[in-house]
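This report describes a ligand site and the packing of several helices. Please consult the sequence and the structure displayed below while reading.

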Amino acid sequence: MKRRTFAGIGAGVFLLPLAACGDDSDSGDGGGGDGLVVGFAQVGAESAWRTANSTSVQDAAAADDRIAELKFVDAQQDQEKQIEAVRNFITQQVDVIVLAPVVETGWTDVLQEAADAGIPVVLADRGIEAADEDLYVTRLGSDFVAEGRSAGEWAATTFADDADGTRILELQGTTGSAPANDRKTGFFEVLDAEGLNYEIVDSQSGNFTAEEGKSVMETFITTHGLDGIDLLYAHNDEMGLGAIQAIEEAGFAPGTDIQIIIVDGSKAGFQAGVDGKLNYIVECNPVFGEQLMDVVVQVADGESVEKFTPVEEGVFDATQFEAELPNRQF
Ligand code: GZL
């Protein structure tokens, strides 16, 4: 396996491959020739979105003759496991490291180690804090602030005439993660800009899982009751679906007694929408494996790439759920 040594990790704009070096290592189905060896430190398998994203990336790598091997690690939503995986990729002298950072902070040291080893890092899906921006070449993923704004625009329109004020519960994603931080920022930024009269009755993290989303919603119900709660904003489908179970078990009608917004757009999410149990879906697209392989090859070849490449995403209201359901890929 040939590995390119880079003049250094620039500000994510241009990399100059100095020479092919390193040892050949027959790395699986790419024939051991000139294909790239790529290390991918994935967040985990916490949601349908995540498993669809892993499948998309693994399938794209397997089908791409330019990729000799994808070394895949499921870090079980544990940053220490991700850091260990990146360190192992460095030891194994992979050509490119792909990281889906579970949270935004705590990456400086390990990304500096990758830079010192001359291995470029590509972020897939989530981002990291601006201070470390020079330590990765590019990010391919969603604009999470825009997703939050889309949710906020629907809420501001839906509750514009709510004279006594809109009472909101929020199920946040993983604490410290870019999607949780940014979906919150975008949502409330729009509510404020639109002058909506609202109250955040409670806001807690459900860590992007159905189990934790249901548990937190049960605590919301125990603490506040559901009477007078207008809206649940869930940062992903799994937490929204878990919350729907809790709402039904409390004897209330999700989607009617309480309006619900979810983010991702899974089959299960759209089915709940068709069943009238939620009201708005902001799509977050996990199926970007082929696009990611193109970016990886561009980076390995030292081509200039943009610092951020957003994936295509849409929004869907109740009039669109049934028609869109058959199109969902996860
Ligand atoms: C968003 C992604 C989030 C999804 C969740 O790009 O990082 O993580 O919205 C997943 O479903 O757990």
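How many Å separate an oxygen atom of the ligand from an N or O atom in the side chain of serine 47? The distance between the ligand oxygen and the serine 47 side-chain atom is 3.0 Å.

## Basis of the model

The model is predicted; local features require pLDDT of at least 70, side-chain atom pairs count only at pLDDT 80 or more, and totals for chains, interfaces and linings use all residues. Residues are numbered from 1 along each chain as its sequence is written, and side-chain values use heavy atoms, with hydrogens and water left out.

## Ligand surroundings

The ligand is surrounded by 13 residues, of which the closest are Glu46, Asp125, Arg126, Arg183 and Asp264 (a residue is near a molecule if one of its heavy atoms lies within 4 Å of it).

## Helix 1 and helix 9

Helices are DSSP runs (H or I, at least four residues), numbered from the N terminus. Axes are lines fitted to C-alpha atoms over the stretch in contact, and angles run from 0 to 180 degrees between N-to-C directions. Helix 1 (residues 48-63) and helix 9 (residues 289-300) have axes that come within 7 Å and cross at roughly 55 degrees. Helix 1 is therefore oblique to helix 9 (angles under 35 degrees count as roughly parallel, over 145 as roughly antiparallel, 65 to 115 as roughly perpendicular and the rest as oblique).

Ser56, Val57, Ala60 and Ala61 of helix 1 meet Gly289, Glu290, Leu292 and Met293 of helix 9 (contact means heavy atoms within 4.5 Å). By class, this contact of helix 1 with helix 9 comprises 5 nonpolar, 2 polar and 1 charged residues (Ala, Val, Leu, Ile, Met, Phe, Trp, Tyr, Cys and Pro count as nonpolar, Asp, Glu, Lys and Arg as charged, and the others, Gly among them, as polar).

## Helix 2 and helix 3

The axes of helix 2 (residues 79-91) and helix 3 (residues 108-116) are 10 Å apart, at an angle of about 10 degrees. Helix 2 is therefore roughly parallel to helix 3. Their contact involves Ile83, Val86, Arg87 and Ile90 of helix 2 with Asp109, Val110, Glu113 and Ala114 of helix 3. This contact of helix 2 with helix 3 contains 5 nonpolar, no polar and 3 charged residues.

Conventions
Helices (H or I, at least four residues) and strands (E, at least two) are DSSP runs, numbered from the N terminus. A polar contact is a pair of N or O atoms within 3.5 Å; within protein, one must be able to donate a hydrogen and the other to accept it, and residues adjacent in sequence count only if both atoms are side-chain atoms.
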